[in-house]
Amino acid sequence: MCWQGAFSSSSRSILVASLALLAIAILFRFLNRWWEGVADVQWILIGAALVVLIGVSFGVRGWWRSSRGDVETAAEIDERMNLSSRLSTALALANSSDPFACASVRDGASAATSTKVSNDLHRAFQVVVPQNTWVGLSALSLAVAVVLFVPALTSATPTLNNESLDELRADAQAQVDAIVQRVQSNPELERALAEAGAGELGKEAISEGLRSPEEIRRESARKVTEMAQRLEQVIAGEKAQSLSALEQSLSSLPLPTDGTARELAEALKQGDFKKASEALQKLAEAAEKGELDQNQRDQLEQLARAIEKSADAQEALRDALAAAGLDPDLANNPEAMKNAMQAAKGLSQAQVQALAQAAKAQKSAQQASKSLAKACQSCANGQGQGDGQQGAIGEGKEALGEFAKYDEMMRDAAAAKSMCQGGSGGPTQLAKGSDGYGNGPGMRGPGQGSGGEAQKKSTATGTRLRKEKVESRSGDVIARELIDVEPSSGEAILQLRDIGRSIVRGVEASSQDDPVPPHLQEAHRRYFGEMQRRIEKKTGKDPK
Amino acid sequence: MNRVPTIRGDASIEEVRDACQSFRVTALALEAETTRSVVGQSVVVRETIIALLAGGHVLLEGLPGLGKTLLVRTLSDALGLSFARIQCTPDLMPADITGTNIVMDDPVTSRRVIGFRSGPIFHQLLLVDEVNRATPKSQSALLEAMQERQVSVGGETRPLPTPFFVMATQNPIEQEGTYPLPEAQLDRFMLKVLVPAVTRETLQQVLARTTTAADPVVSRVLDADGIASAIALAKWIAVAPHVADFAIRLVLSTHPGGDHSPKGFDRWIVTGASPRAVQALVSCAKVRALLDGRFAIGTDDIAALAPACLRHRIVRSFEAEADGRSTDSIIADLLQRVDRGVVAHTVAGVHA
């Protein structure tokens, strides 16, 4: 009976321990960590041995703690064999002298020695499988089946061996390397990225410690995404804005009738600064040799004036100021613009920085335009490279060369960014001016990504600002104010004046609590200022 | 007429055996005589006889027509006790039960005197039929009689005859026009026996015995002295400490919030069983052990008699009633939860 009790107790503990171990194994399986180690046969054997050891230990301990005295054991026998407490009562009353107690003791003794009791004893205390064992075994079998035969449930990604992981890691590294190589092909771009804090990006290989495909892909995606963000910073940076500002200012140049001057003007209008530099070189050589006739000189002079004029237009900066809700005319007065930016409460720090960057870019573009205008003027004056005006032509060529580098850098940055977004390198490069989406083969699998994104470029058409006279008429109501005063009659003039003042005061107070957007502040002030002025006029008081 | 020998403290084991055997034969004979008239209610008959031989009162509960009154009348015939019946109605007065002082003619002096005219309670076996149709005032008239076995009328206390048994019947309290018995009076009944509905076979036997010329005659098995001897013998039955402890823990488990109350039972029970419950449990278990031919009671006896001993002593909560938990099902759960094998070393021998 002793070993049967210990066995029953141990079997329960073993069952519980095995379920716990299996749950841990499944947990590792789902987490996809250390599974390979757990799945080894030796570890399974060690785990099984551990389960049995724990189960037996707890079983023996539980049996030891639940072991009972003689009377309690006899009571257990009485209960299992339906002896109506005969044995336990006999043991409990063994020392009593009461006649009925003595009779009970003798009755219990006879029951204990009866053949029926001895025959049924082993049957009453046979090893009993723990209750609901089938539930535990079923759960165990189901869990094993899930782990072995349902790979989709074990983890999001299949388990790969070391070779497959290395291959996957190499593919991911190749994708990153291709982008880095593309960036390094343009030293300007590499330098710009280094300035943007992305100098070390992509140079560090994907760690060998990553053991799952998901982790490798995640690490690769992180590197590529960070690179794309830095490239985006370059594309939207100061040099890009300078380039854009210059292209915008030159886009409205008038085209000379013919000759090299026209070639130069066309190249400038299209933003092809490399070609413009070559055209300027030709003009300088012709001027030096005295091959330019008067007509060509006049055209060059006109071109120089047009470039000079376009430099003063500063359309890009004007657009940036208007977008920030400031007066576009501030572009002509840097000091006033600086003060306006500091005084404007509605501008965020990022908007202020963007405006400052736009101003700086505009200045750079303006200097380039003026250098170019001087170069054209030198050629028009018939002074070649060997004359004293060589400095002006050299400065012009230098400015054009610099912006040609910017242009090339932006194209490379856009191409590298498109590679980051899923397209591959070379095959998806788009020619400048192309507006389609390339279909890159991608690094893994066909047709991934949208391919290269065409660089944005202004068309050759320009815009001209002009003021038109329009008929003033009543417009839409843009604001209403609840007036909390009693309706008046009689002395309406004074009442109206008070109402007007209260309205303006209320508007000012509410504007402080809930700021009006910067681009509406002017209209707001005008509207309520005009209203007060009209009221004062009606009531006979001249407005100030 | 059967006799149950009296036992002394120095009796031998053989004498004990003979006495117990005599008791068993007598009780089984009484049971056989009763079941000649009362058909298909063997459990009811057994539990009623156990209560009688343990010296307690019995409350029989069941629907009308199930043989409750017949059972009591048959027992009175088989026991040869003086029998009286009180048919309870709402206008029943306490004096109708206990008796009262009235003006009567003195046969000796031929003068008019005030004398006591005893009521039906002055009989050895009293059938209180449909006790829950009497008003609480009349019900309370039975309290002193049942516990103290005496009646106080007109400032004078009068003892009741010996033995004195009250066998009350009641319809389920859900029926209209009934007054539920107060807990204090319910506690006076040793057992509450439920009379179940009859089966098809039982009804066939009832028809055969009541609608034919055959008229079962009940023989007298015991007299008043024999009953007293049987009750005295039953008190000698031994009780092992662990069995007594089981009975005690079972009763204590009905006390909500107590140390022995199993977890979750507080919500079912409002009031637990009184100490009379454990007395009733052990007393009835002794008779049951004797009927089974044993000299000591076992935990089986306690468990078998627990429903009849406890069902009228436990007050269910509203939650239990709302959830449809009957008292018997609560007791059954308690029997599952209370360990029968634990020995309480603080409990001394409680036998005899």
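**Exercise 1.** At roughly what angle do the axes of helix α13 (residues 238-250) of chain A and helix α19 (residues 349-380) of chain A cross?

*Solution.* The model is predicted, so that local features need pLDDT of at least 70 and side-chain atom pairs count only at pLDDT 80 or more, while totals for chains, interfaces and linings use all residues. Residues are numbered from 1 along each chain as its sequence is written, and chains are lettered from A and ligands numbered from 1 in the order in which they are written.

Step 1: helices (H or I, at least four residues) and strands (E, at least two) are DSSP runs, numbered from the N terminus. Step 2: axes are lines fitted to C-alpha atoms, for helices over the stretch in contact, with angles from 0 to 180 degrees between N-to-C directions. Step 3: the axes of α13(A) and α19(A) come within 8 Å and cross at roughly 50°. Step 4: angles under 35 degrees count as roughly parallel, over 145 as roughly antiparallel, 65 to 115 as roughly perpendicular and the rest as oblique, and α13(A) and α19(A) are therefore oblique to each other.

**Exercise 2.** Describe which classes of residue make the contact of α13(A) with α19(A).

*Solution.* Two residues are in contact if their C-beta atoms, placed from the backbone, lie within 7 Å. The residues that make the contact include Ala245(A) and Leu246(A) of α13(A), and Ala361(A) and Ala365(A) of α19(A). Ala, Val, Leu, Ile, Met, Phe, Trp, Tyr, Cys and Pro count as nonpolar, Asp, Glu, Lys and Arg as charged, and the others, Gly among them, as polar. By class, this contact has six nonpolar, seven polar and two charged residues.

**Exercise 3.** Work out the order of the five strands in the open sheet of chain B, and find its edges.

*Solution.* Two strands pair if DSSP finds at least two bridges between them. The order is β2-β5-β8-β1-β9 in chain B, with parallel pairing; β2 (83-87) and β9 (189-194) are the edge strands, since each pairs on one side only. From one strand to the next, the twist averages 15°. Strand β1 (residues 57-61) of chain B pairs with β9(B) over five bridges, and His57(B) has Phe189(B) as its bridge partner in β9(B). Helix α2 (residues 42-53) of chain B lies across β1, β8 (165-170) and β9 of that chain, and runs at about 175° to β9(B).

**Exercise 4.** Find which helix gives the most to the side of chain A that touches chain B.

*Solution.* In this interface, 24 residues of chain A are in contact with 26 residues of chain B. On the chain A side, α4 (70-81), α5 (86-92) and α6 (99-113) each supply at least two residues, and α6(A) gives the most, with eight residues.
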